[in-house]
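User: I would like to go through the terms used for this model and see what each one rests on. Please set each value against its criterion.

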Protein chains: 4
Amino acid sequence: MARTKVGIINVTGYIGADIARIVLRHPEVDVTCVTGRSAAGKGLSEVFPHFESSELVIRPEIDVPVDVVFSAMPHKASAESCKPLVSQGLKVIDVSADFRLKDVAEYESWYEVQHPCSDLLKIAVYGLPELHRAEVKTAQLVANPGCYPTGALLALAPALSGNVVEGDIIVDSKSGVSGAGRSLTLTTHFAECNESVAAYALDGHRHLPEIRQECRRLSERVTELLFVPHLIPMTRGILSTCYARMSDTWLERHSDPAGDLVELYREFYRASPFVRVVGAPPATKHVWGSNYCHVFPKYDQRTRRLLVVSAIDNLVKGGAGEAVQNMNLMLGFDETCGLTALPVYP
Amino acid sequence: MARTKVGIINVTGYIGADIARIVLRHPEVDVTCVTGRSAAGKGLSEVFPHFESSELVIRPEIDVPVDVVFSAMPHKASAESCKPLVSQGLKVIDVSADFRLKDVAEYESWYEVQHPCSDLLKIAVYGLPELHRAEVKTAQLVANPGCYPTGALLALAPALSGNVVEGDIIVDSKSGVSGAGRSLTLTTHFAECNESVAAYALDGHRHLPEIRQECRRLSERVTELLFVPHLIPMTRGILSTCYARMSDTWLERHSDPAGDLVELYREFYRASPFVRVVGAPPATKHVWGSNYCHVFPKYDQRTRRLLVVSAIDNLVKGGAGEAVQNMNLMLGFDETCGLTALPVYP
Amino acid sequence: MARTKVGIINVTGYIGADIARIVLRHPEVDVTCVTGRSAAGKGLSEVFPHFESSELVIRPEIDVPVDVVFSAMPHKASAESCKPLVSQGLKVIDVSADFRLKDVAEYESWYEVQHPCSDLLKIAVYGLPELHRAEVKTAQLVANPGCYPTGALLALAPALSGNVVEGDIIVDSKSGVSGAGRSLTLTTHFAECNESVAAYALDGHRHLPEIRQECRRLSERVTELLFVPHLIPMTRGILSTCYARMSDTWLERHSDPAGDLVELYREFYRASPFVRVVGAPPATKHVWGSNYCHVFPKYDQRTRRLLVVSAIDNLVKGGAGEAVQNMNLMLGFDETCGLTALPVYP
Amino acid sequence: MARTKVGIINVTGYIGADIARIVLRHPEVDVTCVTGRSAAGKGLSEVFPHFESSELVIRPEIDVPVDVVFSAMPHKASAESCKPLVSQGLKVIDVSADFRLKDVAEYESWYEVQHPCSDLLKIAVYGLPELHRAEVKTAQLVANPGCYPTGALLALAPALSGNVVEGDIIVDSKSGVSGAGRSLTLTTHFAECNESVAAYALDGHRHLPEIRQECRRLSERVTELLFVPHLIPMTRGILSTCYARMSDTWLERHSDPAGDLVELYREFYRASPFVRVVGAPPATKHVWGSNYCHVFPKYDQRTRRLLVVSAIDNLVKGGAGEAVQNMNLMLGFDETCGLTALPVYP
């Protein structure tokens with residue numbers, strides 16, 4: 001049987017490159033085409049010396065046969081790239097924001113562009129496998145989640161789904177600098193962000209409506225979301241510290257809320273190979289370079305609040321790895337295929 | 001007139017060393033004695049090569065005349081060291097936790113030791129100059145605040161004092177690794193904490209009762225405090241992101257809550273030379289190596305919450321610099337004397 | 001056919017842990033036993049949360065059947081551990097320094113201990129596969145090279161072997177902090193080594209005789225070696241910058257010394273899958289987390305010197321990965337088996 | 001008497017900003033004018049929040065009275081800016097490379113531009129105060145040394161001046177990323193250079209002819225210089241590791257070469273307040289944020305080589321601080337005026 005052929009649009013960004021890193025070693029597929037605009041014509045190893053062993057040449061566009069395509073273009077351009085591919089019947093995983101928000105008006109308001117193909121929103125599946133595994137399996141078009149939403153939702157989903165919390169939710173996230181991408185900015189200039197930490201996007205980050213959308217799908221009791229991202233002087237990783245008020249009803253029904261909370265989390269992720277409910281606060285380093293997510297839920301008795309901390313590698317579970325996980329599901333491979341590498345520690 | 005003579009107990013820790021760094025260049029005082037236990041007999045420059053230009057020798061205890069003493073011992077031992085000095089009539093600034101909590105039972109519960117001289121608590125002044133300047137000026141014994149409390153309280157004090165907020169407060173703090181001190185631990189081993197971020201002390205950090213004590217002094221409307229510290233892969237700096245619910249009453253009375261909030265903050269700190277209310281989210285790098293604190297208050301209309309971010313250098317404004325600021329007030333010097341160095345950026 | 005069973009002695013150090021990381025995902029072997037002294041009885045995932053998915057329990061010693069053993073003990077203790085295993089006929093890869101130096105007197109002088117089993121030196125093979133592949137294939141006991149020697153020798157071997165250089169050699173190496181191990185020291189305390197670089201061991205580093213031994217095996221024209229290691233504020237990676245005087249004879253015989261030098265290097269490593277002769281100065285990040293080594297040789301016409309820069313991940317190609325590469329050769333597997341993961345970039 | 005008025009051209013780069021940081025707290029001068037092209041019209045504190053306490057507005061050019069000017073423009077543009085100021089009789093300290101090389105042909109070859117005012121080269125003094133203190137005192141135009149040359153020359157000068165070494169010199173330098181300036185490049189993008197080290201400019205760095213010029217001034221026995229800079233994942237600091245062959249003549253004349261070498265260094269720097277000959281290998285952190293330079297010379301008996309390591313803060317002693325030190329000398333102030341801040345450690 002012919003092996004599956006994979007294309008990657010915009011391999012020259014960090015997510016695109018990390019998809020290449022994973023897929024080049026995937027046992028079931030072959031990478032036949034990688035594209036990039038300004039780097040077209042160059043060898044992949046010329047742009048990224050860590051691909052020294054690869055002979056791939058960067059092409060201006062997908063121009064050889066492929067079965068499945070990852071699009072790692074910026075928003076809007078990505079939807080425009082995906083549209084014809086979907087029409088041709090290819091399976092597409094879009095890592096941009098274009099197909100994540102179901103409400104096109106909300107998308108256009110937050111991203112300040114017109115959606116190029118909003119009709120595709122109804123077939124797009126929000127590709128957080130732990131929440132939408134069944135739909136991803138049969139999807140033709142998957143919207144790969146944002147890095148922050150992946151971390152926040154994996155932290156909150158069991159509690160929301162189990163009606164453990166209610167009211168406002170606060171998500172205070174700490175991200176490594178690679179999350180800002182490979183485009184040059186003063187904010188990501190080494191001397192400016194090294195040995196420093198700062199909050200940003202206090203007027204509202206574009207991942208806010210995405211987190212909120214999924215929170216509300218999971219629970220009607222969520223009123224509002226306050227999401228504050230921070231830039232941390234490290235390359236990879238997102239730690240999300242989430243705060244929510246415990247439901248009085250839930251507390252009344254549970255004589256051991258701390259223990260039952262952990263049990264509820266473990267049960268929720270029992271069939272999810274990449275999410276681990278851990279017994280001590282996680283560090284992003286515990287999952288570095290891997291597709292794993294560590295989640296630590298805690299009932300803070302003093303304040304009657306839920307406190308949950310999750311750790312992911314923003315470029316893997318929060319991007320490239322999750323995209324490959326979605327590909328595996330879409331193609332009927334084992335969900336973990338090509339993704340079993342352990343975190344690189346220290 | 002004779003110049004003031006200064007002693008530093010336990011100069012070999014990071015706070016003690018940073019007090020030395022500042023006081024050695026202070027125009028009004030002379031350092032006559034620095035102590036350390038295991039390093040007694042060594043030259044200060046032998047233990048710390050950045051003091052290469054100093055001829056000071058570390059002594060086992062304060063055994064030469066001094067007028068004012070900084071004690072940078074660990075808790076309990078510090079109180080034991082301070083007690084006889086206070087009896088002798090010396091002015092003492094204790095940077096340990098021993099004289100911060102007014103409730104001795106709370107101290108003994110959180111620190112799991114018996115207080116060696118709880119009678120001194122009644123004369124000790126909590127040395128956050130921006131809140132207790134007048135008392136510090138006449139104090140003989142000052143309890144220098146913890147690093148986290150300094151950042152959190154400077155962020156919250158104007159809002160609390162102005163009855164802007166009510167209910168629970170959440171403080172999510174991000175600290176550089178120097179805050180954990182110079183004692184060796186796996187947590188502060190480079191390879192373990194570099195390129196990583198983690199939350200810690202989720203069962204309750206010892207700075208929690210200290211922050212709560214001062215919050216409640218400022219406002220009766222504070223119900224509880226949830227404080228979550230995080231370790232960040234940088235040496236110096238604390239960023240505190242604080243969340244509180246805006247008072248409905250206050251919101252009703254203000255037609256421009258966002259603008260009035262900033263004005264209230266500016267007014268609160270008008271006479272405080274080291275606190276700056278800034279117009280954009282601060283980075284810890286903006287205050288690196290200095291005694292400044294940058295505070296950014298914001299009204300988040302969507303969630304009707306107050307969001308305040310403050311940035312300090314944990315060893316300066318959160319430790320040694322604040323201690324010298326207290327010394328200046330106690331001795332009648334200008335509050336900024338010896339502390340005017342600008343932040344080192346980048 | 002029964003799968004090969006692997007044991008790891010002292011899994012709780014960084015090299016031991018990284019061997020576990022690689023071997024746990026190796027397609028041809030099973031890890032049946034990992035040992036550690038102070039951590040005996042604990043789960044591997046308890047000591048290292050990145051092994052969350054592993055059920056292995058740390059044992060006090062190798063007490064279940066194994067076919068091949070990695071010893072990651074400190075020197076002397078390692079030889080003592082290996083001795084009985086070798087007697088039992090097991091294949092052993094020792095990552096300590098105990099079997100690297102052929103001259104027992106030199107070993108005892110540099111390491112200041114008596115060798116516990118110097119008789120084994122004659123059967124031990126120095127396991128730099130690129131230099132000793134054939135011997136490793138038939139060895140029962142392999143001495144895995146030090147991290148610095150791996151980087152330095154891969155940089156210099158082609159030039160030495162080809163008689164390109166003569167006289168003194170200078171190796172100026174820059175290592176990440178993980179090279180200093182997991183034991184706590186002030187030197188590796190985050191606040192002390194972050195945002196700093198320093199040379200160390202200027203009186204002579206223990207890897208010096210090891211590099212010199214192999215240099216002299218390769219060329220009689222090497223007179224002396226000056227090796228200066230530096231500690232760099234990063235976790236993983238060694239960059240070795242090597243300086244040597246070009247042989248006049250060689251220069252006279254080559255009309256295009258720059259080009260011929262590169263060609264000689266490429267030829268030397270043609271059959272070595274992990275060494276890449278690259279066309280631009282390498283960064284350690286280009287090989288991060290992988291078993292690859294990038295080598296960049298350059299003829300500096302102005303000074304008639306050879307300048308070679310090599311980059312490795314000190315814990316992989318400079319430790320755990322190289323050890324697994326040796327295991328593959330000893331067991332007749334493909335040399336790259338279990339080691340094909342691409343570098344994690346950025 | 002009127003206080004001295006200072007202008008800074010191009011305050012928006014790192015050297016310009018660090019000059020401002022120092023001069024704004026200098027007890028003898030006032031900053032009356034700071035310029036920047038793209039930022040003209042903005043407040044200094046708007047561009048650099050660490051100057052929050054300053055009211056200065058960035059101007060397009062020097063348009064108010066000044067007595068002394070620092071020019072921190074890029075090369076060529078800087079000479080063009082300095083020319084009219086020199087004509088007006090102002091004292092000028094140029095931190096660009098324009099007046100450092102005495103041989104205009106060498107300048108034009110390395111910098112690939114025509115020199116705009118080569119006639120000024122004859123009045124320009126190379127402003128390494130430790131080597132040219134007397135000339136700087138009477139100079140109108142000072143060429144502030146490059147960061148690498150400052151570190152390398154302070155390491156080598158005593159040995160060269162004392163005829164201790166001969167033949168080739170190798171300088172292997174490790175610099176923090178701020179040395180590459182504030183302009184955005186992929187090389188200085190956080191995710192690319194963090195957790196990595198690389199050599200660069202292997203075809204010849206522009207600081208090479210500058211180091212060589214001064215080495216040859218100091219000793220006729222220097223034949224060639226091989227200078228290899230490396231980029232280190234830290235913000236500030238340069239460590240220079242220098243290798244040279246000891247003169248046989250000198251060795252014969254000294255029965256205790258190791259001790260006499262150190263004594264020669266101490267003697268050389270006896271009147272230089274910022275250079276410290278230290279007794280253990282220095283770390284760049286030991287001088288962080290200060291104008292100090294730590295130098296550690298060592299005679300390596302095994303190879304009969306001189307090994308010298310020096311540590312500076314590249315932006316202070318290797319830039320802004322040295323410029324102010326030159327200003328002090330030119331204006332007759334104490335050499336250390338405004339520069340006595342101790343290093344910020346850790």
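Analyst: This is a predicted model. Over all chains, the structure holds 92 salt bridges.

User: What makes the pair R100(A) and E210(A) a salt bridge?

Analyst: The side chains of R100(A) and E210(A) come to 3.1 Å, N to O. The cut-off is 4 Å between a side-chain nitrogen of Lys or Arg and a carboxyl oxygen of Asp or Glu, so the pair qualifies. The pair links distant parts of the chain, 110 residues apart: R100(A) is in the loop between β5 and α4 (104-111) of chain A, and E210(A) is in helix α8 (residues 208-218) of chain A.

User: Why is the contact between R245(A) and D168(B) called a salt bridge?

Analyst: The closest N and O atoms of R245(A) and D168(B) are 3.7 Å apart. The limit is within 4 Å, therefore the pair counts. Between chain B and chain A the count is eight salt bridges.

User: How large is the area buried between chain B and chain A, and which residues of chain B lose the most area to chain A?

Analyst: About 4,100 Å² is buried between chain B and chain A, with 59% given by carbon and sulfur atoms. E195(B), L202(B) and R302(B) lose the most area in chain B, together 18% of what that side buries. The contact takes 48 residues from each of chain B and chain A.

User: What is found between chain C and chain D?

Analyst: Here 48 residues of chain C are in contact with 48 residues of chain D. The two chains bury about 4,100 Å² between them, 59% of it on carbon and sulfur atoms. On the side of chain C, the residues that lose the most area to chain D are E195(C), L202(C) and R302(C), together 18% of what that side buries. The count of salt bridges between chain C and chain D is eight. K298(C) and D203(D) form a salt bridge, with the closest N and O atoms 2.6 Å apart; the limit is 4 Å, so this pair meets the criterion.

User: Why are α4(D) and α8(D) described as roughly antiparallel?

Analyst: The axes of helix α4 (residues 104-111) and helix α8 (residues 207-218) of chain D cross at roughly 155° and come within 10 Å. Angles over 145 degrees count as roughly antiparallel, so the term applies to α4(D) and α8(D). The contact is made by E106(D), W110(D) and Y111(D) of α4(D) with H207(D), L208(D), P209(D) and R212(D) of α8(D). By class, these residues are four nonpolar, one polar and two charged.

User: Why are α6(A) and α10(A) called roughly perpendicular?

Analyst: Helix α6 (residues 147-161) and helix α10 (residues 257-268) of chain A have axes that cross at roughly 110° and come within 9 Å. The range for roughly perpendicular is 65 to 115 degrees, and therefore α6(A) and α10(A) are given that description. Among the residues making the contact are A155(A) and L156(A) of α6(A), and L264(A), Y265(A) and F268(A) of α10(A). The contact of α6(A) with α10(A) has eight nonpolar, one polar and no charged residues.

User: What makes β5 and β7 of chain A a pair of strands?

Analyst: Three bridges join β5 (residues 91-94) to β7 (residues 141-143) of chain A, and the strands run parallel. A pair needs at least two bridges, so β5 and β7 of chain A pair. D94(A) has A143(A) as its bridge partner in β7(A).

User: Why do β3 and β6 of chain A count as edge strands?

Analyst: The open sheet of seven strands in chain A has the order β3-β2-β1-β4-β5-β7-β6, with parallel pairing. β3 (58-59) and β6 (125-126) of chain A each have a single partner strand, so one side of each is left without a neighbour in the sheet. Helix α3 (residues 77-87) of chain A lies across β1 (4-9), β4 (68-71), β5 and β7 of chain A, running at about 170° to β5(A).

User: How do you know that the bond between Y345(C) and P346(C) is cis?

Analyst: Omega of the bond joining Y345(C) and P346(C) is about 0°, and the bond is cis. P346(C) is in the segment after α11 (316-331) of chain C. The peptide bond from Y345(B) to P346(B) is also cis, with omega near 5°.

User: What sets N163(A) apart in phi?

Analyst: N163(A) has a phi near 55°, a positive value in a residue other than glycine. Most residues other than glycine have a negative phi. N163(A) is placed in the loop between α6 and β8 (165-176) of chain A.

Definitions and conventions. Residues numbered from 1 in each chain as written. Chains lettered and ligands numbered in written order. Predicted model: local features only at pLDDT ≥ 70, side-chain atom pairs only at ≥ 80, totals over all residues. Heavy atoms only, no water. Helix = DSSP H or I, 4+ residues; strand = E, 2+ residues; numbered from the N terminus. Contact = heavy atoms within 4.5 Å. Axes fitted to C-alpha atoms, helices over the stretch in contact; angles between N-to-C directions. Parallel < 35°, antiparallel > 145°, perpendicular 65-115°, else oblique. Nonpolar A, V, L, I, M, F, W, Y, C, P; charged D, E, K, R; others polar. Buried area = accessible area lost by both parts, 1.4 Å probe.
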